[in-house]
Amino acid sequence: MKSSKILPMLVISAVAATVLAFLAFPAVYDWYISYTDSRDTTEGLENYFLSQTYRAEGSDYRFKLYEKPNDRYVIVLQSQNNASTDEIPEKIRYYASSETVFFDNEQMQNTANLEKAADTVIPLTEVTNEYVQNMDDEDCGMKCRAVFRNYLKSVKIRIEDNELIYTGIQTFSLLKKRYERQKSVTLGNQEIFSNSHMLKDTSTGNLIIPDKTVGGCYRQLDIQTGKPIGEIISPCMRVCGHRASSFK
């Protein structure tokens with residue numbers, strides 16, 4: 001008699017456990033996927049933002065190319081005087097490379113040369129105006145700029161700790177990091193707010209933080225409340241069906 005009563009109870013318990021598992025597992029799975037997607041989205045976006053640069057205002061350098069023996073060239077950059085009419089003129093500075101082999105536009109059609117140019121950083125050191133004037137006879141003018149245009153567009157120029165990129169037939173311009181890490185900030189109520197993924201927009205001074213309510217995407221930090229506000233900062237991983245798809 002006891003065994004006949006126990007059997008139905010075991011069956012009911014097994015059915016209840018099965019139903020509970022079917023109900024609980026999707027919820028746990030959804031939470032886990034949502035958590036990992038949010039974390040991966042935040043980390044991916046943080047790395048993306050930290051890699052972004054922008055062309056700094058008033059940071060253009062005019063350049064010239066000087067032809068040397070054995071098909072080598074020297075590139076010289078000249079800083080611009082950005083002072084207004086009522087300010088003391090800034091000192092014009094000159095920076096020169098060592099003698100370097102350049103790839104012309106035809107050579108840049110070769111994939112190996114193209115890849116090599118993309119990985120090339122040409123360091124420049126400060127020189128005097130007299131040093132530059134002594135090379136006047138070797139200035140190869142617009143012809144060289146046109147012949148080596150694709151190479152110049154691919155390489156980077158380094159002056160001290162700053163990198164510059166080609167921005168025109170006569171200019172290179174300084175690149176600045178758009179975002180940098182900031183561990184903490186004082187809120188309007190004088191409390192210290194910290195977030196390990198917080199970033200500062202160096203061009204505006206605004207702080208941004210990941211918002212878990214939108215899948216770990218970044219939004220601007222309200223420094224009065226310590227809460228994210230405003231629109232999602234593009235690009236962001238769109239989290240749909242708990243799967244991060246593509247950047248907006």
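**Core.** I looked up the largest nonpolar core first, and it has 25 residues. Leu-65, Ile-75, Leu-77, Phe-102, Leu-152, Ile-157 and Phe-172 have the most contacts inside it. A nonpolar core here is a set of buried Ala, Val, Leu, Ile, Met, Phe, Trp, Tyr and Cys residues joined through side-chain atoms within 4.5 Å. Buried means under 20% relative accessible area, with exposed over 50% and partly exposed in between (1.4 Å probe, protein chains only).

**Ground rules.** This is a predicted model, where local features need pLDDT of at least 70 and side-chain atom pairs count only at pLDDT 80 or more, while totals for chains, interfaces and linings use all residues. Residues are numbered from 1 along each chain as its sequence is written, and side-chain values use heavy atoms, with hydrogens and water left out.

**Phe-172.** I wanted to know what Phe-172 touches. Leaving out residues up to four places away in sequence, its partners include Ser-59, Tyr-61, Phe-63, Ile-75, Leu-77, Leu-152 and Ile-157. Contact means heavy atoms within 4.5 Å.

**Strand pairs.** Strands pair if DSSP finds at least two bridges between them. I found β3 (residues 94-96) running antiparallel to β4 (residues 121-127), joined by three bridges, and Tyr-94 stands opposite Val-127 in β4. Four bridges join β4 to β5 (residues 156-159), and these two run parallel. Here Ile-122 stands opposite Ile-157 in β5.

**Cysteines.** How many disulfides are there? The count is one, taking a disulfide as a pair of cysteine sulfur atoms within 2.5 Å. Cys-140 is joined to Cys-144, S to S 2.2 Å. The torsion about their S-S bond is about -125°, so the disulfide is left-handed. Both Cys-140 and Cys-144 are buried.

**Whole chain.** I count five helices and 16 strands in the protein chain. Of its 248 residues, 33% are buried. Among contacts with a separation of 6 or more, 55% come from residues 24 or more positions apart.
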